[in-house]
Amino acid sequence: MSETRNIVVLGASFGGLSAAHYLARHTLPKLQQSKGAKYVLHLVDPSTHFWWHISAPRAMVSVKEIKHSDSFVPIMDGFKQYSTLQDSIIFHHGEATGLDTNTRSVSIKTHEGASETLEYYALIIATGIRSPTPCTTLHGNYDISQRALEDMNGKLASAKDIVIAGGGPVGVETAGEVGDHFNGKANITLIAGSGKLLPVLNETRSKKAAALLAKVGVKVVYNIKVQGTEQASDGKTVVKLDNGETMYADVYIPAAGVTPNTGFIPDNLKQSNGYVKANQQTMRVDDAGPRVYAVGDVAAVDKGAIPVFGANISHDLLADAKAGTITEKKYKANNGETQLVPIGAKTGIGAYNGWSMPAFAVSKFKGKDYMLGNMPGITQGKQYKKP
């Protein structure tokens with residue numbers, strides 16, 4: 001009987017799902033030709049559905065405009081296209097709770113609460129990051145975020161005082177959506193922890209973003225951070241600031257700060273900030289032993305790293321299986337000034353590699369529907385038709 005070699009992908013959001021589809025399209029078909037082993041692709045995720053959480057700022061104000069059925073899709077539906085791999089792709093509804101690089105196994109707590117151990121021949125860590133609220137990233141199964149968005153819709157509709165914390169793109173986009181929908185009906189404040197909005201963009205573009213927010217009734221306060229919150233007896237949220245002052249909000253939205261989902265990973269495989277210690281050129285986790293990789297937010301790399309990861313894992317697996325040769329690649333991050341930030345549906349601020357993008361272009365490419373049309377690129381792997 002041939003050996004079974006498990007290729008385990010931890011996480012099935014943007015990075016993990018991209019990695020899995022790359023493997024299903026380009027690597028597994030070649031490995032199937034190997035007679036010495038059977039290769040099985042395992043996906044592990046706490047959610048059965050992928051969420052296009054790029055659209056969260058608008059979904060927070062209206063799940064009618066960003067419908068759940070459009071932004072949440074079953075993860076495994078995208079793998080039905082691989083007819084020859086149906087017995088070689090397995091989904092585990094659960095989360096990783098431990099990683100043992102000596103036994104080359106991961107511990108999993110299933111959605112139902114049971115414990116499993118899964119040995120791996122190759123491992124891809126793509127567990128992503130977690131924001132302070134399930135309104136902006138998944139906090140377990142997808143229905144938690146769906147209920148949080150619906151609840152936020154209701155609260156915002158009747159709110160008189162709304163406070164949003166975070167001067168980055170999520171905070172600015174959220175403030176823009178809230179202002180676009182509720183300007184004149186509520187007092188809206190955006191708290192920025194530094195002296196400017198949108199740190200990736202230059203000062204001129206930052207000031208323009210502030211001006212666009214002002215047009216939809218958003219007041220921005222700078223150089224202040226939220227130290228904590230508590231509920232008042234009247235149901236309002238008390239927002240405690242680091243300057244000693246407090247604010248009172250009917251709705252408080254934390255839109256700053258994320259935490260990598262790496263609690264299960266040994267300390268020697270993590271950087272001091274908690275992110276995976278991956279080789280930023282090859283996507284390999286060198287200290288974890290052979291055939292261990294990290295992609296996506298948990299490795300602090302963007303989607304441009306997926307083809308590099310794909311080439312390198314294919315090189316490693318195909319060489320071991322004597323099933324072909326693939327040239328290795330190296331990843332180089334694009335650190336140019338690139339960011340698109342809608343402020344409502346019809347305007348926004350943006351730059352691409354340092355070049356300004358006009359407001360109508362930001363609206364067309366992102367503000368219209370937060371790029372929902374691009375979702376099949378991830379959920380069906382269409383971005384990776386070519387290796």
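Visitor: How many salt bridges does a search of the whole structure find?
Guide: The search finds 15 salt bridges. Keep in mind that this is a predicted model.

Visitor: What makes the contact between Asp143 and Arg147 a salt bridge?
Guide: Their side chains meet with N and O 3.3 Å apart. The cut-off is a Lys or Arg side-chain nitrogen within 4 Å of an Asp or Glu carboxyl oxygen, so the pair qualifies. The two residues are 4 apart in helix α4 (residues 142-158), which means a separation of about one helical turn.

Visitor: Why is Asp143 called partly exposed?
Guide: Its relative accessible area is 26%. Buried requires under 20% and exposed requires over 50%, so Asp143 falls in between.

Visitor: What is the distance between the closest N and O atoms of Asp151 and Lys155?
Guide: They are 3.2 Å apart, and the pair forms a salt bridge. Asp151 and Lys155 also sit in helix α4, 4 residues apart, so about one helical turn separates them. Asp151 has a relative accessible area of 42%, so it is partly exposed. Lys155, at 44%, is partly exposed as well.

Visitor: How do you know that Lys236 and Asp250 form a salt bridge?
Guide: The closest N and O atoms of Lys236 and Asp250 are 2.7 Å apart, and the limit is 4 Å, so the label holds. Asp250 is partly exposed, with a relative accessible area of 28%.

Visitor: Which residues are linked with Lys236 in a network of salt bridges?
Guide: Asp161 and Asp250 are linked with Lys236 in that network.

Visitor: Why can such side chains pair at all?
Guide: Side chains of opposite charge can pair when their charged atoms come close.

Visitor: Which residues line the second largest pocket closest to its centre?
Guide: The pocket holds about 220 Å³ of space. Of its 15 lining residues, Asp151, Met152, Lys155, Val251 and Tyr252 are the closest to the centre. The elements that give two or more residues to this lining are α4 and β16. By class, the lining has 8 nonpolar, 4 polar and 3 charged residues.

Visitor: Which residues have the most contacts inside the largest nonpolar core?
Guide: They are Ile7, Ile124 and Ile125, in a core of 108 residues. Helix α1 (residues 14-31) provides the largest share of this core, 8 residues. Apart from it lies another core, of 10 residues, including Ala165, Ile191, Val239 and Tyr252.

Visitor: Which residues does Ile124 touch, not counting residues up to four places away in sequence?
Guide: Among them are Ile7, Val8, Val9, Leu10, Tyr293 and Phe309.

Visitor: Why does Thr189 count as buried?
Guide: Its relative accessible area is 12%, which is under 20%, so Thr189 counts as buried. Thr189 lies in strand β11. Leaving aside neighbours within four places in sequence, Thr189 is in contact with residues including Ile162, Val163, Lys219 and Met247.

Visitor: What makes the phi of Leu198 worth a remark?
Guide: Most residues other than glycine have a negative phi. Leu198 has a positive phi of about 50° although it is not a glycine. Leu198 is found in the loop between β11 (187-191) and α6 (203-215), and it is buried, with a relative accessible area of 0%.

Visitor: What is the phi of Met283?
Guide: Met283 has a positive phi of about 70°, and it is not a glycine. Met283 lies in the loop between β17 (259-260) and β18 (292-294). Its relative accessible area is 0%, so Met283 is buried.

Key:
Residues numbered from 1 in each chain as written. Predicted model: local features only at pLDDT ≥ 70, side-chain atom pairs only at ≥ 80, totals over all residues. Heavy atoms only, no water. Core = buried A, V, L, I, M, F, W, Y, C linked by side-chain atoms within 4.5 Å. Buried < 20%, exposed > 50% of the residue type's maximum accessible area, 1.4 Å probe, protein only. Contact = heavy atoms within 4.5 Å. 1 Å grid on protein atoms, 1.4 Å probe; cavity = no way out; pocket = protein on both sides within 12 Å on 5 of 7 lines; lining within 4 Å. Points joined across faces, edges and corners; volume = space filled by probe spheres on them. Nonpolar A, V, L, I, M, F, W, Y, C, P; charged D, E, K, R; others polar.
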